[in-house]
Structure formats: C-alpha cells, structure tokens
Amino acid sequence: MFSTKTKSLERVLQLYKNEFRRQISKTTSVTNSDAMAPRLDQTSTKLSQNEDAALPKKLLKLQKYHRYLSTLTPQELPMATRGLAVSKDQSREFMACFPDIVRDLTETGKHIDVPEASKWLAKLLQYNVPNGKKNRGLATILAYKMVEKKENMTPENIHLANIMGWCVEMFHTHQLLLNDIMQGTEMRRGAPCWYRRPDVGLDAANDASLVQAAMYSTLKRHFSTKPYYKHVLETFNEMLLKCSMGYYVEKLMFKTDKPDLSQFTMDKYEAIVKYKMSYYSFQMPVCLALLMSGIEDLETYRQAKILLLEMGEFFQIQDDFLDCFGNPAVTGKIGTDIQDGKCTWLSVVALQRATPTQRQIMEENYGSSNPEAVAKIKDLYEDLQLPHTYSVFEEATYDLLKTQIQQVTRGLPHDLFFKILDNIFKRSV
C-alpha cells in the first residue's frame, strides 16, 4: 500500500495537472485569461546585442511574452539546482569504460569464425552509442553514488556502476535505431542517422538487435554473480515491453498515411510519453542504482517512480517545443514532428484551443512534408500563443517539481532529483 505521503503527492500532481489542462485548453478568445494571454503590461528586459545575435531570428518575436523561455536564454537558477549534474572527472571516467566494453564484445575470441561481424559490431557501437549527451547513463552512476553506503563505494563497485550506465545507453541506442527507421528521421546527434548511411539502410533493424544482444551480453559478463542480477534483467525486459507498447499506441494515431487528429488527446499523449520514454529514460537509471545499492523497500521505489515519471513528461514536452522552435545546429537534429504527424504536446494543445477554422488548418496540413504546410502549422501555433502557453507551463511545472522533491521521504537524496531536474530545465535551442 502507498503511504499517506505518497498518496498526498499523487493527489497534488493530479489536481495540478487537471487545473493546468483546464487552463491550456482555453482558446485565445478568452480575454480575461491572464494565464494564457501575452503579458504586454510588463516591461521586458532588453537583451544585449550579443545575446540577440545568438537567438534564431524566428524566435526573436517570442520576446514579447512575459518571461524568456529557459530554452531560449540562460537564467539564474535556484541554488538547489545550480551547477552540472556530474563533474568533468566523472564524465571522463564514464567515457574511459566504453572502449573496454567494445573490446570485450568484439575481441574476446568468441566469434573468431566471423571476424567481419565482430568488426561491424565495433563500428556500430562506436558510431551510435557514445556520441550523445549520455544523460541516462550518467544519471545511473550519479544515482548510485548518492544512494550507496560509503563503505560500499569501492573502485570495483564504481566501475560496475559505469558499466551499468553504458548498458542503459545501449538500451537507449537500441530504441533510437528503431525509432529513426520507423519515423524516417534524417539526423541524430548532429550526424546522419545510422540507417541513412549508404552501407547500412534497412539492415539497421538487425543492427538494433545486435546492440540489444551486446547489452545483455555485457550485463551477463559483469553482473551474473550479483544478487541483484535477476532484478536487473527483469527491469530491462520490463522497460523493453513498455517501450514497445508505447510505439504501438503511437502507431494507432494514424488511420492511413495521415494522423487521426480525433485521437490527439492529453490522456493519450501522456500515455505515449510514459511508455515510450519516461519509464526507461527517467525511472530506469534510478531504479538500477537502487538495485545495485541493495535497497529493497518498495515504498522507496514507488516514491522515486512517481516523481521521475513526472520529470519524464516535463522533459518530453520540452523536447516537443525544441523540435518545433529549436535550432538544429544546437539540438543536433532537424525537427520533423509536424511532418511526421506526431502526437505532441503542441499539437494536442493547439487542437484544444483551435476554432473550427483553425482545426481545419490542422486537418489539411499536419503530417505533410510540404514546407508550406509546415510553415502554416508553425504560424498557427504562434497565433494560438503556444510559445507563451509553454512558457507558463515550464515555469509552473518546474516550481511544482521542486516542491515535490522536498516532500520525498524514505531517505532518497533530494539533491539527486534536483540535479536531474536541472539537466532538463537548462536544455537549450
């Protein structure tokens, strides 16, 4: 059973979400909606000439809103969330483990009769796994170091935490390889997607299986004698199932080659985000750290799960905003959510607030790769004041999550959650 504290936390979350849903669904014709209308009565601080030049021209007009988005300009953050989540030494320590993992997988003499396959696996891993932000892997190590007892913080256990972090990154890579194929993504992490390479193509589907097999092989090699090994495997398997379910629900949003906008509801959006991303990107790293630390209290896992899933949704909503308004030179990918007809936070809120005429614009243009159609959708988003709506949401959710972190009990370190939140809040275009 959930504790009284956990039930209270869930009630606060649900009340907040219900109220905010009510607010963001208001149309722009509601003249007394202070939450949804531009705050033109407030004088905004002028950016310096250098800061102006750093912003994409398309976004400069967003300065008319009541506060600058954290995704557009740096802000002074609360003391509890200031600074990097991990040190440069930790990042270097993490990267130093990766070559050994690749070597163990490809040079141990296990597959001497198919050397070309081992060589391909090494190339596959080196191209796809270590070149992202590695937030999930680093979060695993960070969480372990913050929940483990001091007497157990041996060099061997820290090394194992780094290995576990790379297994999480391989899981993430497996998901990205499949996702890029299914959605026709062009760029990933500032480089062509793996399947877009002339020597790869749709063989990338088998390569995704190779990465997954490499992940399980690494887990067996380093953790098979540990008492938590069974629970670790169950965690990875459960996350794989949840991700697959998330992709399936997302696929149902399409009738034929066009998205079915009648299914674009906030409930459906939140379910897709939770299953497709939040579970494995936010809950899994901390869950694995708790398992490695020998923590068995179920209430600890429940409290962490509630908070981390909320952070995951916050992250994805921000990602939706960056896909539409972000600068590819900084984000490392070209936004294609509109062209792909994805169910995003922006599209759901737009449909909630659209007039019949505006909804017809969505019906005719959303999911089209025609540049003019994409431009019409982006213009509609701005006409509906969605950048401002997002700004209000970002600030309110950030403040709520800070409050909820303070309410976490069961000995979970608050600073861990603040650092994860900091990583989200400081993402930029």
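Of the contacts in the chain (heavy atoms within 4.5 Å) with a separation of 6 or more, 78% join residues 24 or more positions apart. The model is a predicted one, in which local features need pLDDT of at least 70 and side-chain atom pairs count only at pLDDT 80 or more, while totals for chains, interfaces and linings use all residues. Residues are numbered from 1 along each chain as its sequence is written, and side-chain values use heavy atoms, with hydrogens and water left out.

The chain holds 18 helices and 2 strands, taken as DSSP runs (H or I of at least four residues for helices, E of at least two for strands) and numbered from the N terminus. Of its 429 residues, 51% are buried, meaning under 20% relative accessible area with a 1.4 Å probe, protein chains only.

Spanning residues 298-325, helix 11 has 28 residues and reaches 41 Å from its first C-alpha to its last, close to the expected 40 Å (1.5 Å times one less than the number of residues). Because 25 of its 28 residues are buried, helix 11 is largely enclosed by the rest of the structure.

Helix 8, residues 204-223, contains D207. This residue is buried yet has no salt bridge (a side-chain nitrogen of Lys or Arg within 4 Å of a carboxyl oxygen of Asp or Glu); R197, the nearest side chain of opposite charge, is 8.1 Å away. The D207 side chain instead makes a polar contact with the side chain of W120 at 3.0 Å, that is, a pair of N or O atoms within 3.5 Å, one able to donate a hydrogen and the other to accept it. Beyond neighbours within four places in sequence, D207 is in contact with W120, L124, L177, W194 and V200.

How values were computed: Buried < 20%, exposed > 50% of the residue type's maximum accessible area, 1.4 Å probe, protein only. Lys, Arg positive; Asp, Glu negative; His and termini not counted.
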